[in-house]
Amino acid sequence: MKVVDLNCDMGESFGAYTLGRDAEILKYVSSANIACGFHAGDAGTMRRTVKLALEQGVGIGAHPGLQDLIGFGRRRMDISPQEAYEIVVYQIGALWGFVRSEGGQLQHVKPHGELYNMAAQSAPLAEAIAEAVYKIDPGLVLFGLAGSELVAAGRKAGLRTASEVFSDRTYQADGSLTSRRQPDAMITKDEEATAQVIRMVNEGKVMSRQQVDVDIQADTICIHGDGEHALTFARTIHEALGQAGITVQAAGKSVAATS
């Protein structure tokens with residue numbers, strides 16, 4: 001029986017601004033990546049989202065990003081490995097505090113946006129992030145793009161890693177995600193997203209925009225909580241996985257130490 005984690009980026013509201021449908025989506029996912037205040041989120045949103053996730057029995061992860069509220073953490077910043085280490089430690093610590101204060105336990109860490117993309121390509125940045133995660137808690141799972149430097153760095157550091165695939169993003173022939181600046185970066189149809197997910201889990205392959213099959217490992221599947229179709233994607237994909245005989249389970253339980 002195949003087992004996979006289904007995760008969603010959450011807690012991205014800030015001040016007077018509300019983003020996403022977290023309470024509804026949490027019914028269909030097994031892990032939640034909660035913004036830690038740099039690219040989105042604030043103290044109140046973090047606490048509320050942690051409580052919602054605990055009520056639903058969903059695994060909780062820190063979602064640290066670049067310090068760029070205006071750009072939602074999706075603009076490239078020239079940061080050093082030391083800076084990457086420090087901002088990741090800082091943000092994990094913030095969410096860890098809320099999780100512990102509500103009686104929960106942190107499950108994983110998944111960098112956000114451009115920090116995630118940079119760490120996928122840069123070994124020094126990836127190693128700094130993996131070191132930050134390991135030094136806080138070597139029992140945490142590190143999420144990274146399948147086949148990326150971040151996954152390699154996590155394994156090297158002695159962490160459990162979850163190779164992540166995306167339900168709502170298209171891929172390039174080298175296994176990277178299509179840039180959001182491209183018009184074909186996002187998948188907006190339920191049936192297309194579902195078909196891509198099922199194939200990635202069952203066959204370990206994804207069709208790139210260049211019409212070339214790319215080998216891919218799918219330990220955890222991402223749905224972007226700020227996406228227009230996030231709720232319908234979460235519901236449809238969850239149902240499709242069940243119909244295909246694939247168990248949805250939080251990464252803390254489904255990812256082995258050797259993954």
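User: Helices here are DSSP runs of H or I, at least four residues long, numbered from the N terminus. With that in hand, which helix gives the largest share of the lining of the largest pocket?

Analyst: This is a predicted model, and its largest pocket has a volume of about 660 Å³. The lining runs to 32 residues, with Gly-113, Glu-114 and Asn-117 among those nearest the centre. Two elements, residues 113-121 and β8 (213-215), each put in at least two lining residues. The largest share, six residues, belongs to α4.

User: And by class, how many charged residues are in that lining?

Analyst: Arg-169 and Glu-114 are among the residues nearest the pocket centre. Sorted by class, the lining has nine nonpolar residues and 13 polar ones, and the charged count is 10.

User: What about the second largest pocket: how much space lies in it?

Analyst: Its lining has 16 residues, including Val-58, Gly-59 and Lys-253 close to the centre. β3 (59-63), β4 (106-109) and α9 (251-254) each supply at least two of the lining residues. The space comes to about 290 Å³.

User: Back to α4. Is Tyr-116 buried or exposed?

Analyst: Elements covering the buried residues of α4 include α3, α5 (123-136) and β6 (160-166). Tyr-116 is listed with Glu-114, Leu-115, Met-118, Ala-119 and Ala-120. Like Phe-166, Tyr-116 is buried.

User: Is Tyr-90 buried or exposed?

Analyst: Tyr-90 has a relative accessible area of 57%, over the 50% cut-off, so Tyr-90 is exposed.

User: Then what kind of pair do Tyr-116 and Phe-166 make?

Analyst: The ring centres of Tyr-116 and Phe-166 are 5.9 Å apart. Their planes stand at 85 degrees, over the 60 degree cut-off, so the pair is edge-to-face.

User: Which residue has its charged end over the ring of Tyr-116?

Analyst: The distance from that charged end to the ring centre is 5.8 Å. The residue in question is Lys-110.

Conventions
Residues numbered from 1 in each chain as written. Predicted model: local features only at pLDDT ≥ 70, side-chain atom pairs only at ≥ 80, totals over all residues. Heavy atoms only, no water. 1 Å grid on protein atoms, 1.4 Å probe; cavity = no way out; pocket = protein on both sides within 12 Å on 5 of 7 lines; lining within 4 Å. Points joined across faces, edges and corners; volume = space filled by probe spheres on them. Nonpolar A, V, L, I, M, F, W, Y, C, P; charged D, E, K, R; others polar. Buried < 20%, exposed > 50% of the residue type's maximum accessible area, 1.4 Å probe, protein only. Contact = heavy atoms within 4.5 Å. Phe/Tyr/Trp six-rings, centres within 6.5 Å; stacked < 30°, edge-to-face > 60°. Lys NZ or Arg CZ within 6 Å of the ring centre and 35° of its normal.
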